[in-house]
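This report describes the fold of one chain and its contact with a partner chain. The sequence and the structure are shown first.

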Amino acid sequence: MSFRKYLVLAAVAIFGACGDVCLARGMRDFGAVTRNNWHQLLSVLLNPWIGGGICLLIGFFCSYMTALSWADLTYVLPATAISYVLMAFLARSFLHENIPTSHWLGIGLITVGVGLVAMGPSLTAPPEAKSARNGA
Amino acid sequence: MTAAAGWLGVASIVLSATTGDVLQSGAMKQLGDLGEIRQTHGLLEVVRRVVSNRRFMLGLFFMAVAFFSLLVTLSWADLSVVGPASASLTFIANAIAARIFLKEHVDYRRWVAAVFVAGGVALLAR
């Protein structure tokens, strides 16, 4: 796999983790969504944290679509799993969330598990699955 | 909000995100390597081909559902639980859906990884 493709996978992980942290920060300003305030949910789009999070997630989306154009779905998702670890560090540093030892163990297990997949081939779908190219 | 509501939110994220992922992965495989298309035809052609693909647009709708489910769930539970739990469960659901609908070869290594991920989720749920 080329260096450019590794860069795309790294972008998926970084944009995804940072975007989710921004969304979580923004939703803290809104508070819990209940039956009384759900109709105001669209107003969260005006929150700068939510806006920033959406911009980062657009970056995530573009790099994710690019990766899916040359790799299996079951390769791209685990190969970018380092974002879970990054997300936990960011949640602890910026959102001051308490992350107990069991959660760190869980995040470690997830990362090891998905790391196994990253060592395999990136594309396994049979040729007929790709035979309709350019036929959108 | 109760923990049950948080996990219901996670389930909603997983179902909608998996449907969106499978539809979009299928659409991207139809289109081919976006990097190569951009090099030969330009960025506008990439955008035109992507947005004119009906499977991609349907996938986008389900991703939007997953996004708003995530927003609501984040207001009920911590990101350090919702983020990894929804993403890892989506990974397992995607492995099953990709094998069935996308005909991907999900070998022993990918299934072992699914077990590791499931163990990680169990620890996160404690």
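Of the contacts in chain B with a separation of 6 or more, 79% join residues 24 or more positions apart, two residues being in contact if their C-beta atoms, placed from the backbone, lie within 7 Å. The model is predicted, with local features needing pLDDT of at least 70, side-chain atom pairs counting only at pLDDT 80 or more, and totals for chains, interfaces and linings using all residues. Residues are numbered from 1 along each chain as its sequence is written, while chains are lettered from A and ligands numbered from 1 in the order in which they are written.

Chain B contains 6 helices and 0 strands; helices (H or I, at least four residues) and strands (E, at least two) are DSSP runs, numbered from the N terminus.

The axes of helix 1 and helix 5 of chain B come within 8 Å and cross at roughly 40°.

On the side of chain B that touches chain A, 51 residues of chain B are in contact with 51 residues of chain A. Helix 6 of chain B gives the most to this side, with 11 residues.

| Residues of chain B touching chain A | Number |
|---|---|
| Nonpolar (Ala, Val, Leu, Ile, Met, Phe, Trp, Tyr, Cys, Pro) | 25 residues |
| Polar (the others, Gly among them) | 15 residues |

Conventions:
Axes are lines fitted to C-alpha atoms, for helices over the stretch in contact, and angles run from 0 to 180 degrees between N-to-C directions.
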